[in-house]
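Here are my notes, in numbered points, for you to read with the structure open beside them. Take them one at a time and find each residue as you go.

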Amino acid sequence: MNTKFITRTAILLAITLIFQFLKMPQLITGSIVNAMLLIAAGTVGMWSGVTIGLLTPVIAFLVGIMGFPLMIPFIMVGNGLYVMLFSTQKNKVIGMIIGAVVKFIWLALSVKYIMQLFNVKVPLKIVQAFTTPQLITALIGGTLGIIIIALLENYFKKAKEQ
């Protein structure tokens, strides 16, 4: 890892955490976090997005934003899948859509079935938060992320020309 990667990832993680701390509705916070995951992946690299995706649920729990810690590993995997599928596709829109759908399916299966295999009773409020809203926030955030990546690439391209 080089200094540029660490610095940029840390800055993007800090921005993501600021939005988490604002405790806005799930639609807004989730969309922004998903956008930041893709912005990190699209501007710094896949492992930057994965790193942020792994750290945000842990930090959210540690600071009291998330109250159901058993979901942390499932969120981490979902975020990782979202970023990796986005990053490995040549067409970023298709990568984002595939990533969003896979993340949604993973999280929905996690709260509805996987946790039940371990006799974990998942509160209805948690089930509701980790099903359809996850698809919606991943698609909204992904769209926003792709737009911001394009704007940043355009900005940096023009800055280099001057």
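1. Let's start with T16. Leaving aside neighbours within four places in sequence, T16 is in contact with V33, M36, I52 and T56, where contact means heavy atoms within 4.5 Å. T16 sits in helix α1; helices here are DSSP runs (H or I, at least four residues) and strands are too (E, at least two), numbered from the N terminus. With a relative accessible area of 0%, T16 is buried. Buried means under 20% relative accessible area, exposed over 50%, and partly exposed in between, using a 1.4 Å probe and protein chains only.

2. A quick word on what you're looking at. This is a predicted model, so local features need pLDDT of at least 70 and side-chain atom pairs count only at pLDDT 80 or more, while totals for chains, interfaces and linings use all residues. Residues are numbered from 1 along each chain as its sequence is written, and side-chain values use heavy atoms, with hydrogens and water left out.

3. Now look at Q20, which is also placed in helix α1. Is Q20 buried or exposed? At 10% relative accessibility, Q20 counts as buried. Setting aside neighbours within four places in sequence, Q20 is in contact with T29, V33, T56, A60 and I65.

4. Next, the pair α1 and α2. They pack at an angle of about 175 degrees, with axes 9 Å apart; axes are lines fitted to C-alpha atoms, for helices over the stretch in contact, and angles run from 0 to 180 degrees between N-to-C directions. That makes α1 roughly antiparallel to α2, a label for angles over 145 degrees. From α1, L12, I15, T16, F19 and Q20 meet T29, I32, V33, M36, I39, A40 and T43 of α2. By class, this contact has eight nonpolar, four polar and no charged residues. (Ala, Val, Leu, Ile, Met, Phe, Trp, Tyr, Cys and Pro count as nonpolar, Asp, Glu, Lys and Arg as charged, and the others, Gly among them, as polar.)

5. What about α2 on its own? Of its 18 residues, 13 are buried, so α2 is largely enclosed by the rest of the structure. Just after α2, G45 takes a positive phi of about 140 degrees.

6. On to the largest nonpolar core, which has 21 residues. Such a core is a set of buried Ala, Val, Leu, Ile, Met, Phe, Trp, Tyr and Cys residues joined through side-chain atoms within 4.5 Å. L12, I39, I52, Y82, F86 and M96 touch the most other members. Which helix gives the largest share of this core? That's α2, with eight residues. A second, separate core of 16 residues includes A60, M66, I75 and L107.

7. Finally, two loop residues to check. K23, in the loop between α1 and α2, has a positive phi near 50 degrees and isn't a glycine; K23 is exposed, with a relative accessible area of 57%. N119 lies in the loop between α5 and α6 and has a positive phi of about 60 degrees although it is not a glycine. N119 is exposed, at 71% relative accessible area.

Definitions and conventions
Angles under 35 degrees count as roughly parallel, over 145 as roughly antiparallel, 65 to 115 as roughly perpendicular and the rest as oblique.
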